[in-house]
Structure formats: structure tokens, C-alpha cells
Amino acid sequence: MEEVRSSAAWVATHSSHVTVDSTGIERAVEAIHGSVPKVEWDFEGIHFFDNGPLTVQYLFVLDALNFCFWPDKDLSYDHLASGLKAAIQNDKSVFDADRLQKYTGPQLRELLKWPRPLPLEDERVRLLHEVGLELERSFGGKAANLVESCGKSATSLVALIARHFPGFRDHSVYKGHQVFLYKRAQIFVADLWGAFKGQGYGEFNDIGSVTIFADYIVPAVLRQLGVLKYSSSLAGTIEANKEIGSGTEEEVELRACSIYAVEKMRDLIKIKSGKQVLSVELDLWLWSFGIQSQSLLHHRTLSIYY
């Protein structure tokens, strides 16, 4: 994940539309008194968990589909997580690799009990097929085999996912420079770590290497905390609920500067309190803070990556 950190830092130092405010970072760290409030992984009670390989399969399917809910104002991550949970509780073979390759849009809707087409539905179906095909071809159909092949290394697992599953290759070109973000691959690692409490399938010797997961919510929370500042044109676009194109300077800056800012928060917490805080823990706190804030204004981008 060093390439995520270094490329995010490069964007932050060349950014035209988003500024990381060092005073804002200090205030935010002071506000939490150097101790990030602990948020349980499944604090909403919406995820499937059976402490075995079926949970790994569920989480990989979940994170393959974990993107772009905003175009349907009634749809959220909770619907996806709880819908897939109900589906696997009803039929343990629902996410078998051969079945993943055959789902249609209407069948996915039926799984989730969703009454109308999903945002980017064709892409969601394509990614399900991709996951099923590659799991079958390279990992005996089991996401658990994928995880076991990484040798308890989060960095190796993210690299393995990006190598085998093109739909997880979350990177952009920014001002001629390649930027790596890997939101969904990293969140799969974090979900395993959180679900299995750092044991078994969730044991990673390098969990500290994982960055935050650059999405819609975290940049908006960081702006609310005064950690990120936006140009007037970018602020106006977001406040008018106008779409920002995927891969544009503004969109890459929003995501990369969020990663860079939270790394700086981590560093400052360590200096002030002597505590080593994980980006995973900071992200979960920021995200839970964000989804409970009714007034939060986030950017809008059609993307399969978040």
C-alpha cells in the first residue's frame, strides 16, 4: 500500500482544488483527545457472519458490489449488506462461483429485494461474473483460498486482488502521474480483519499498512472537520449536487487528499499520545460519524470503485 500513500501525497502537494489544512488536522486531533472512539465493525448488525469460509465468500461479493449508491436516494450500503446477508442465510450456495457467473440484473435485484434497477446495474452484474469466473479459475471457487494464499499479509492480498480481478483496479492518471487508491480491495482486507477480529481469516501481520478507503463520505466529513478545504468552484459544484466526472482532477484530489490527510492525522496522534492508531480504525470512525450526519454534502461521481 506504499504506492497508495506515496501517490496520494503526490496529489496533495500538486492539488489545484482541494487543500489539506494542517491547522484543521491539529484541531481535529485535539477534538478526539488523541484517542479515536472505538467503533465495532458490525455496529449496525447488518452483516452475515458464521466465523468460516462462507463469511469470506459473502464479504468478497459484498465488496465487489460496494459502490455508487447515491443515484437512488433510497439505496444505501446497508441495503446491500443486509440484502446479501438475507440471501446467504436463505441459500448457502447463492454465492458459489458458478452461480455468480450467471446472475442477471433482475436476479440481483431479487436477491437484494430491490424494486427497481440498481445504479450501474450492468456493471454490478459484470463484476459478479468476473469474480465468479476468476475465483473458479484460480482459487477453486473460494474467496477463502484467495485469502489463505496471501500469507497473512494485507499488502499481498490487495496486490493479489488487483492482479486477478480487474474490477478492483482502482487507479487514475492525475497530471501525468499514476495514482493508486484501491478502495474496495483494501476494504475487503478491513472487513476480514473487523469481522474475524484479527484472527483466522482476519489475521494480517501488516494491518497497519492499510490506508483509509477513499469514498464519498470521508472527504465530506474531513471538510466538515476543517481538515480539507475546497476551491470555491468545487464547493459550488458539490453544493449544487452536480456530478463530478470519474478521473477528473477534482475527483482524484478529493479522494487522494483524504488519504493523505488521514495519514497526517495518524502521525499527529502518535506524536501527541504515543498511540499507534490504525487507518482502518480512523476510517470506521469517520464513516460512522458521516452516515449519522444528516446535513453532510458529498460529491457525486458515477464510479465502480466507490
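Q: I'm looking at Val 173; which residue in β3 stands opposite it?
A: That's Gln 178, standing opposite Val 173. Keep in mind that you're looking at a predicted model. As a general idea, side chains in a regular strand alternate between the two faces of the sheet.

Q: In which sense do β2 and β3 pair, parallel or antiparallel?
A: They're antiparallel, with four bridges joining them. To find them, look for β2 at residues 171–174 and β3 at residues 177–180.

Q: How many residues sit between β2 and β3 in their hairpin?
A: Two residues. While you're in the turn, click on Lys 175, which has a positive phi of about 50°.

Q: On to helices. At what angle do α3 and α4 pack?
A: The angle is about 145°, and the axes lie 10 Å apart. You'll find α3 at residues 53–64 and α4 at residues 77–90. As for the crossing of this pair, it's right-handed.

Q: Which residues of α3 and α4 meet?
A: On the α3 side, pick out Leu 54, Tyr 58, Val 61 and Leu 62. Across from them, α4 brings Tyr 77, Leu 80, Ala 81, Leu 84, Lys 85 and Ile 88. Sort this contact by type and you get nine nonpolar residues, no polar ones and one charged.

Q: Which residues line the largest cavity?
A: Phe 69, Leu 75, Leu 80, Leu 112, Leu 118 and Arg 124 do. Five of the lining residues are nonpolar, none is polar and one is charged.

Q: What volume does the largest pocket have?
A: About 1,200 Å³. It's lined by 45 residues, and the closest to its centre are Tyr 77, Asp 215, Ile 217, Trp 287 and Ile 291. The elements giving two or more residues to that lining are α4, α10 (183–195) and α14 (279–291).

Q: Which element gives the largest share of that lining?
A: That's α14, with seven residues. By type, the lining of the largest pocket has 23 nonpolar, nine polar and 13 charged residues.

Q: And what lines the second largest pocket?
A: Look for Ala 86, Ala 87, Asn 90, Asp 91, Val 94, Arg 99, Glu 110, Leu 111 and Lys 113. This pocket has a volume of about 150 Å³. Helix α4 supplies the largest share of its lining, three residues, and α6 (105–112) supplies at least two.

Terms used. Residues numbered from 1 in each chain as written. Predicted model: local features only at pLDDT ≥ 70, side-chain atom pairs only at ≥ 80, totals over all residues. Heavy atoms only, no water. 1 Å grid on protein atoms, 1.4 Å probe; cavity = no way out; pocket = protein on both sides within 12 Å on 5 of 7 lines; lining within 4 Å. Nonpolar A, V, L, I, M, F, W, Y, C, P; charged D, E, K, R; others polar. Axes fitted to C-alpha atoms, helices over the stretch in contact; angles between N-to-C directions. Left-handed = near helix turned anticlockwise from the far one by under 90°. Contact = heavy atoms within 4.5 Å. Pairing = 2+ DSSP bridges. Points joined across faces, edges and corners; volume = space filled by probe spheres on them.
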